[in-house]
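Let's take a walk through a protein together, starting from one spot and then stepping back to see the whole. Have a look at the picture before reading on.

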Amino acid sequence: MAATPKHDYYETLGVPRTADAEEIRKAYRKLARKYHPDLNPGDKSSEDRFKNVQEAYDILSDPKKRPMYDQFGFYSENGFTGQQPQPGQGGQGQHFDFSGFDFSDFPGAGPGGAGSGGRRTTETGGGFRDIFSQFFHRGEQEVEPEKGGDLEYVMNIDFWQAIRGTTARVNITRYETCGTCQGTGSTGAGEVACPQCKGTGHVSQMAGAMKFNLTCPRCGGSGKLRNACPTCGGDGRLARTEQVEIRIPPGARDGSRLRVPGKGNAGTQGAPPGDLYITTKVEPHAFFRREGENIEITVPVAVWEAALGSKIEVPTIDGRTLLKIPQGTTNGQKFRMREKGVLNSRTNQRGDQIVEVAITAPDPRDERTRKLLSDLAEIHKDEDPRAEMWAKI
Ligand SMILES: [Zn+2]
Ligand SMILES: [Zn+2]
């Protein structure tokens, strides 16, 4: 019965099994951005990847869940209970379906094996149960409050929105604390389908090469929850899409990350919510290039403007501005226009604009221009523009 685990979370995040918390967090952020449904509308495979990435991060980022996953290849909210299996009675404890698996290699299993007093049945070896019970507390059913997860969103803005700042409304889908039960999951007297097993009464999980059919730990196999909150089905949280107003400050850079405290997923059992992170993606401009707070621009300059020197009009983010270029300006020469760059909203200072000169040669389509250029060539016929090159070869 060779089978592979449903998800290799390490593979999903593309990190080695030895990865530390920081590596895992970085890999998650990168992938969450890449596969986010907002960036891949209607793309089912991206959506699935996104969910897998979320799931992998949920387990691997948790110091309690990760060791269990490392040990057994899956994580269960309730671990394994140490209760004795009761054949023919599925309503109590967890029911391991080991059919088709040979336990003879496990210590304590098989004829004459010395289990630790556990009553053996045809279905489970006592030794096998003992292996599990070393790691998990017996019958621990209460769920501890957990801080809500952070959410990552990417926001596309154009060049001018980044320069001037902007306010945008973003639709965020997040888990909110259920208002009916205040997050406890247990008001009301109704009976609802168990959300964990979707009413079937059992759940299946992979542990390495083994598939387990477990009695649902949430509902004890009945498939129903009594006294569960009818609004959230006992989960304590509800997924809601909410419009969050995001203020992007002037001078935002491509890739800058904004934290909106408390707007991540709600915590369970009244624990605090996570945060929302917005990464800005700035579309490039046709001419202006951002280099931090500086703006870089390449400006065409006619050969006579460069040779004689002149005052030329160049575009800046403030509009047309005069730039004086000196006599004998060469191609590629750079000029700094002070405080014509981007405002840094923290220091309240502006960067500079750096103008690079691109000299254009005239195309002599009229006789007079042709005559002037020929005269120029005649005057300089003894000069070799490449003289410096020859000297260095
Ligand atoms: Zn509720
Ligand atoms: Zn259930």
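Find asparagine 265 in the loop that runs between strand S8 (257–260) and strand S9 (276–282). Keep in mind as you look that this model is predicted.

Is asparagine 265 buried or exposed? Its relative accessible area is 14%, and residues under 20% count as buried, so asparagine 265 is buried.

What, then, surrounds this residue? Setting aside neighbours within four places in sequence, asparagine 265 is in contact with Gly148, Gly149, Leu151, Arg174, Tyr175, Arg237, Pro273 and Gly274.

Now zoom out to the whole chain. The protein has nine helices and 17 strands. Of its 393 residues, 37% are buried.

Among contacts with a separation of 6 or more, 63% are between residues 24 or more positions apart.

Finally, how confident is the predictor? The mean pLDDT of the protein is 79, and 79% of the residues reach 70 or more. Over residues 79–142, however, pLDDT stays under 50. For that stretch, the model has 87 contacts beyond four places in sequence.

Terms used. Residues numbered from 1 in each chain as written. Chains lettered and ligands numbered in written order. Predicted model: local features only at pLDDT ≥ 70, side-chain atom pairs only at ≥ 80, totals over all residues. Heavy atoms only, no water. pLDDT = per-residue confidence, 0-100. Contact = heavy atoms within 4.5 Å. Helix = DSSP H or I, 4+ residues; strand = E, 2+ residues; numbered from the N terminus. Buried < 20%, exposed > 50% of the residue type's maximum accessible area, 1.4 Å probe, protein only.
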